[in-house]
Amino acid sequence: MLTSDGRSPAPAFGPALRDLFQLEAGGAHLNHGSYGATPKAVLAAQRDWRDRMEAEPSRFFEREYRPAIRAAAARLAPYLGADADDVAMVENATQAVNAVLRSFPFEPGDRILLNTQTYGAVRNTARYVAARTGAEVVEWRLPFPVADAQEIEAAFHAALDPPPRLALLDHVTSGTALKLPLARLVALAKAAGARVLVDGAHAPGMTEIDLRRIGADWYTGNCHKWMFAAKGCAFLWAATQQDLHPTVISHGFEGGFHAEFDYVGTRDGSAQHSLPAGIDFMEGFGFQAIQGHNHAMALAAGARLAAAWGTETGAPAALTGSMTTVRLPYGVGADLNGAIRLRARLLDEDGIQIRLNPLAGGLWVRVSTQIYNHMDEIDRLAEAVLAKRPNA
């Protein structure tokens with residue numbers, strides 16, 4: 001039976017789709033948010049680009065490499081609410097954050113505003129830049145668990161006095177999976193006179209993005225997490241491009257945004273070149289359908305685990321995307337060492353890949369599912385954790 005547009009209908013979300021990925025048989029992969037899982041069709045497209053590169057390397061790098069990068073940016077731009085001319089393809093969000101912070105003209109005494117849940121690599125970059133410019137890294141406490149968006153906005157607003165030179169905001173926090181009220185936070189920062197860089201590592205493919213409406217100066221996101229791209233595919237969007245340089249200075253220096261970022265020396269750009277294949281895969285199921293399914297799965301998983309463990313989730317539905325955080329029951333650990341040990345046991349003994357973080361006085365699990373997951377895997381996680389309590 002065909003759909004109204006003549007295509008074969010997509011299989012139902014869940015275990016029937018697992019064969020579209022190269023995931024190990026028998027495992028419960030509930031950690032899609034860390035590194036993604038690339039569909040076989042996208043990996044095949046990436047191999048095609050590599051074969052094309054190796055068939056005639058000189059022609060490829062001199063004539064085809066940069067146009068393919070621009071084509072990928074053009075395909076991505078509509079999902080960002082952006083013009084392709086303002087999008088540069090990079091390898092990961094951390095690389096883009098480095099480019100912005102290391103290009104920014106910080107002066108002694110300038111404040112770089114982070115939050116208590118800023119991603120570790122991003123925090124390290126800010127520390128590195130501050131140590132070399134005389135700027136100061138300051139943090140505001142991002143509430144967790146959190147009741148509503150107003151609680152987040154109030155905490156951020158208080159942190160803007162005195163005003164920072166630059167505020168670095170998450171779109172979706174990594175450890176706690178909070179989908180922040182980004183446009184409102186950017187507006188508050190702008191009103192205080194700050195420039196804004198957004199770490200949107202998790203947002204592309206997870207939630208709708210309208211960069212013109214958000215109003216930041218710079219925004220970066222990964223495509224390998226929720227847009228089904230191969231690893232090594234991310235972007236940097238820049239409303240302010242003057243004096244912005246990649247971390248690797250190459251032949252395009254002082255040639256403008258595209259000249260500098262599109263080519264940073266000989267490298268394998270197949271992950272970025274094959275991004276259109278990832279978008280094709282996503283569109284085959286429908287962006288809205290995937291987004292809605294993953295959000296519903298996150299809410300259902302959070303409720304199921306919290307009920308099984310007698311605990312709580314970290315955020316309400318309005319601040320939840322395709323990931324959720326749930327407090328683990330007491331007795332299974334409370335610190336980083338406990339998280340490391342329990343995570344290893346869940347993988348080695350139960351075949352469950354999951355992210356665990358010490359937060360708010362206990363251990364929290366971050367569940368990040370994709371279209372190949374199903375609720376039986378959530379029940380499997382719930383039972384495995386309960387079995388590892390002392391005297392269970």
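Hi everyone, let me start with a helix pair: Trp 49, Arg 52, Met 53, Glu 54 and Ala 55 of helix 2 meet Pro 57, Phe 60, Phe 61, Glu 64 and Ala 68 of helix 3. Contact here means heavy atoms within 4.5 Å. By class, that contact holds seven nonpolar, no polar and three charged residues. For the classes, Ala, Val, Leu, Ile, Met, Phe, Trp, Tyr, Cys and Pro count as nonpolar, Asp, Glu, Lys and Arg as charged, and the others, Gly among them, as polar.

A word on where this comes from. The model is predicted, so local features need pLDDT of at least 70 and side-chain atom pairs count only at pLDDT 80 or more, while totals for chains, interfaces and linings use all residues. Residues are numbered from 1 along each chain as its sequence is written, and side-chain values use heavy atoms, with hydrogens and water left out. Helices (H or I, at least four residues) and strands (E, at least two) are DSSP runs, numbered from the N terminus.

Back to our pair. Two packed helices are described by the angle between their axes and the distance between the axes. Helix 2 (residues 40–55) and helix 3 (residues 57–76) pack at an angle of about 140°, with their axes 7 Å apart. Axes are lines fitted to C-alpha atoms, for helices over the stretch in contact, and angles run from 0 to 180 degrees between N-to-C directions. Helix 2 and helix 3 are therefore oblique to each other. The naming goes like this: under 35 degrees is roughly parallel, over 145 roughly antiparallel, 65 to 115 roughly perpendicular, and the rest oblique.

Now compare another pair. The axes of helix 6 (residues 149–159) and helix 7 (residues 182–191) come within 10 Å and cross at roughly 20°. That makes helix 6 roughly parallel to helix 7. Which residues make the contact? Helix 6 gives Ile 152, Glu 153, Phe 156 and His 157, and helix 7 gives Arg 184, Leu 185, Leu 188 and Ala 189. They divide into five nonpolar, one polar and two charged.

Seven strands form an open sheet in the order 2-8-7-6-5-3-4, with mixed pairing. Two strands pair if DSSP finds at least two bridges between them. Strand 2 (87–90) and strand 4 stand at the edges with a single partner strand each, so one side of each is left without a neighbour in the sheet. Neighbouring strands here are turned by 20° against each other on average, direction ignored.

Inside this sheet, strand 3 and strand 5 run parallel and are joined by two bridges, and Ile 112 stands opposite Leu 166 in strand 5. Our friend helix 6 packs on the sheet as well, touching strand 3, strand 4 and strand 5, with its direction at about 150° to that of strand 4. Helix 4 lies across strand 2, strand 5, strand 6 (195–199), strand 7 and strand 8, running at about 160° to strand 7.

There is also an open sheet of three strands, in the order 9-12-11, with antiparallel pairing. Its edge strands are strand 9 (323–327) and strand 11 (355–359), each pairing on one side only. Neighbouring strands of this sheet are turned by 30° against each other on average, direction ignored. Helix 12 (residues 287–309) packs on the sheet, where it touches strand 9 and strand 12, and its direction makes about 10° with that of strand 9. Strand 11 pairs with strand 12 (residues 362–368) in the antiparallel sense over five bridges, and Pro 358 stands opposite Leu 363 in strand 12.

Now the aromatics. How many aromatic pairs does a search of the whole structure find? The count is 18. Rings of Phe, Tyr and Trp (its six-membered ring) pair if their centres lie within 6.5 Å; planes under 30 degrees apart count as stacked, over 60 as edge-to-face and the rest as tilted. Phe 104 and Trp 218 have ring centres 6.1 Å apart and planes at 80°, so the pair is edge-to-face. This pair links distant parts of the chain, 114 residues apart: Phe 104 is in the loop between helix 4 (93–103) and strand 3 (111–115), and Trp 218 is in strand 7 (residues 218–222).

Last, the backbone. The peptide bond from Phe 144 to Pro 145 is cis, with omega near -10°. The bond from Asp 161 to Pro 162 is cis, with omega near 5°, and Pro 162 sits in the loop between helix 6 and strand 5 (166–170).
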